[in-house]
Amino acid sequence: MAEIPVDLARFDRVPLGNWPTPLEDCPRLSKALGGPRILVKRDDVNGLGVGGNKLRKLEFLLGAALADGADTIVTFGGVQTNHGRQTAAACARLGLRCELVLTRQVTRLPGSRSLTAPRDGEAYERSGNVALDLLFGARVHVCDDGAHAEATYQRIVEELSSAGRKVVPLPIGGSDGVGVLGYLAAAIELRDQLAKVAKTNRIVCAIGSAGTAAGLALGTALLDWPVIVDAASVSNTVPECSADIERLVSDAAALLGVRAPRLDHVRVTDRALGDGYGLPTPVVWDAIRLFGRTEGITLDPVYTGKAAAALIDAVRTGDIPATETVVFVHTGGLPGLFGYAPELIEEAQG
Ligand SMILES: Cc1ncc(COP(=O)(O)O)c(C=O)c1O
């Protein structure tokens with residue numbers, strides 16, 4: 001096995017998750033799909049704050065923030081952001097103040113080109129992630145649009161800085177060069193686990209702010225691991241996603257002091273995107289039911305449900321051959337399922 005030519009140990013990092021996360025064979029799911037062997041990498045059950053992919057990024061992001069003297073973290077997202085919830089939990093554990101600037105309506109979030117979908121209703125606004133944010137002690141600021149969120153962020157920084165606090169902002173989805181290191185570490189972990197299990201052709205994940213896919217892309221390239229990284233968009237167009245991956249890979253490579261690798265092994269698809277972020281289509285609910293009924297695995301309608309729908313469609317159309325071994329990276333998101341409670345109870349019975 002190739003050794004990775006970088007030293008992650010020189011980056012500040014705080015322990016937040018339980019590693020390695022389980023890698024589970026899913027024979028009933030594989031059989032239902034009539035083909036590829038599917039393994040699920042359970043980053044949804046990595047511990048803190050109900051778990052999810054952000055913990056890997058936050059280990060590095062909060063490590064850097066603490067080294068910078070931070071006592072307050074501000075971050076952004078939609079009302080049902082999983083990133084915000086995991087940041088809130090991590091801040092609770094580390095004794096940091098957490099301010100979440102959440103945006104309610106269709107808008108471009110600060111620092112992002114991604115559109116959020118209009119959602120409202122009791123479940124979406126008062127259950128799931130947003131309820132857990134409060135439970136973990138975060139201060140939640142729900143804004144109507146991007147301009148409101150930007151103004152709220154500025155006000156928080158001014159107020160808290162003049163009160164003598166050291167405020168550090170984290171990017172949407174925890175995706176910047178530092179956050180990418182979390183999924184670079186995940187690629188190494190996964191490669192080591194698979195060495196004892198199976199030769200793998202493909203890694204499938206959801207792509208939103210792109211840090212997860214970028215980390216896997218960079219990690220697999222630096223490891224010289226001949227595997228396809230297949231990212232299913234949940235919000236942006238394919239060219240936007242590809243550009244985000246390239247930018248993040250290049251930022252992380254610069255931090256690591258290595259040349260950014262070629263990304264010929266990375267694929268992006270929008271086959272399950274539907275009408276946009278946060279809008280599940282019938283095939284997404286089908287995927288959620290299939291994983292639930294064959295393996296007892298819960299997906300969510302915003303991220304993992306879409307990635308699974310893309311995987312299922314690719315298998316059914318023959319784009320993923322039945323002979324392949326595929327790792328589906330389960331990036332979490334369970335609380336978001338309850339934000340969709342009225343639809344969920346209907347769809348769960350479908
Ligand atoms: C459950 C879940 N899966 C996948 C993603 C996408 O990860 P990334 O933003 O790194 O592309 C997110 C991002 O918010 C998420 O919450």
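**Domains, ligand shell and a helix pair**

Trainee: How many residues of domain 1 and domain 2 are in contact?

Mentor: In this predicted model, 42 residues of domain 1 are in contact with 40 residues of domain 2; two residues are in contact if their C-beta atoms, placed from the backbone, lie within 7 Å. Local features need pLDDT of at least 70 and side-chain atom pairs count only at pLDDT 80 or more, while totals for chains, interfaces and linings use all residues. Residues are numbered from 1 along each chain as its sequence is written.

Trainee: Which element gives the most to the side of domain 1 that touches domain 2?

Mentor: That is α7, with 7 residues. Helices are DSSP runs (H or I, at least four residues), as are strands (E, at least two), numbered from the N terminus. α7 (177–195), α12 (334–338) and α13 (341–348) each supply at least two residues to that side.

Trainee: And by class?

Mentor: That side of domain 1 divides into 19 nonpolar, 19 polar and 4 charged residues. Ala, Val, Leu, Ile, Met, Phe, Trp, Tyr, Cys and Pro count as nonpolar, Asp, Glu, Lys and Arg as charged, and the others, Gly among them, as polar.

Trainee: Where do the domain bounds fall?

Mentor: The assignment gives domain 1 as 8–52 + 175–348 and domain 2 as 54–173; such bounds come from an automatic or database domain assignment. The centres of the two domains, taken over C-alpha atoms, are separated by 23 Å.

Trainee: Turning to the ligand, how many residues surround it?

Mentor: The ligand is surrounded by 20 residues, the closest being Asn-82, Ser-209, Tyr-303, Thr-331 and Gly-333. A residue is near a molecule or strand if its C-beta atom, placed from the backbone, lies within 6 Å of it. The shell draws at least three residues from each of domain 1 and domain 2, and by class it has 5 nonpolar, 14 polar and 1 charged residues.

Trainee: Which element gives the most to that shell?

Mentor: α8 does, with 3 residues.

Trainee: How do α8 and α9 pack?

Mentor: α8 (residues 211–222) and α9 (residues 238–256) pack at an angle of about 60°, with their axes 9 Å apart. Axes are lines fitted to C-alpha atoms, for helices over the stretch in contact, and angles run from 0 to 180 degrees between N-to-C directions. The two helices are therefore oblique to each other: angles under 35 degrees count as roughly parallel, over 145 as roughly antiparallel, 65 to 115 as roughly perpendicular and the rest as oblique.

Trainee: Which residues meet there?

Mentor: Gly-211, Ala-213, Ala-214, Ala-217 and Leu-218 in α8 meet Ile-245, Leu-248, Val-249, Ala-252 and Ala-253 in α9. This contact has 9 nonpolar, 1 polar and no charged residues.
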